[in-house]
Amino acid sequence: MLKVVNRIVLGLLGLALMAAGAAVLTGSWPFGGRHAPLLTAATRQRYGHGEGWYWWAVAAGLGLCVLLALWWLLAQLRRSRLQTLAVDTGDGAFAVVRGRALEEAVAAEAGALDGVARCRVALRRRRGSPALRVALELEPYAVPADALAALAGPVLANARTSAGLPALPAEARLKVTSHRARRVT
């Protein structure tokens, strides 16, 4: 969802900047020419004296735009993937396991299941506990319930054991590989 919002915001921002640049380069609308002031005397008189709320509304709108821009920037910098995972060795020390190594091990084991064409795994951070997001691409002949049961059984049990975690929640997304119809001659 964030990728869609990101693309929409970047597209709208690009269009607005392109329109503003074209208006400045041509020196025409909304400007009255090269030597005309940006705000006419009538506009300055209208909003300068009688309606003090107008400038407060403009400042609040600009402040809201700045806050949304900062939120968007921080959302771009945030990493949702877990880089390392601390595993208790049992003797009071901890071993550090790379998140990518655990992802690759789970993907290799899940990819070897019957009926699985391809598997992608991401180790995510969820409120202090890691979680797996597994995307399985199934062959056309595969039974989704069997593939899901095999993933939930030995594959995730091995991942929990090797990471030393009592629980490792997982979200599985299943997709069937597109295939062409066979021709009968």
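A cavity, as the word is used here, is a set of grid points where a 1.4 Å probe fits but cannot get out, and its lining residues have an atom within 4 Å of a point. With that in mind, and remembering that this is a predicted model, select R81, L82, Q83, R100 and E103, which line the largest cavity. That cavity has a volume of about 30 Å³, and a search of the whole structure finds one cavity of 30 Å³ or more. By class, its lining has one nonpolar, one polar and three charged residues.

Next, select helix α4, residues 99-111, together with helix α5, residues 144-163, whose axes lie 10 Å apart and which pack at an angle of about 155°. Because angles over 145 degrees count as roughly antiparallel, α4 is roughly antiparallel to α5. To see where they touch, show L102, V106, E109 and A110 of α4, and on the α5 side L151, P154, V155, N158, A159, S162 and A163. This contact of α4 with α5 is made up, by class, of eight nonpolar, two polar and one charged residues.

Finally, turn to the largest pocket, which holds about 490 Å³ of space. Its lining has 16 residues, and R120, R124, R133, A135 and R173 are those nearest its centre. Colour the strands β3 (116-126), β4 (129-138) and β5 (170-176), the elements that each give two or more residues to this lining. Which of the elements gives the most to the lining of the largest pocket? It is β3, with six residues. Coloured by class, the pocket lining divides into six nonpolar, one polar and nine charged residues.

Note on methods:
Residues numbered from 1 in each chain as written. Predicted model: local features only at pLDDT ≥ 70, side-chain atom pairs only at ≥ 80, totals over all residues. Heavy atoms only, no water. Axes fitted to C-alpha atoms, helices over the stretch in contact; angles between N-to-C directions. Helix = DSSP H or I, 4+ residues; strand = E, 2+ residues; numbered from the N terminus. Parallel < 35°, antiparallel > 145°, perpendicular 65-115°, else oblique. Contact = heavy atoms within 4.5 Å. Nonpolar A, V, L, I, M, F, W, Y, C, P; charged D, E, K, R; others polar. 1 Å grid on protein atoms, 1.4 Å probe; cavity = no way out; pocket = protein on both sides within 12 Å on 5 of 7 lines; lining within 4 Å. Points joined across faces, edges and corners; volume = space filled by probe spheres on them.
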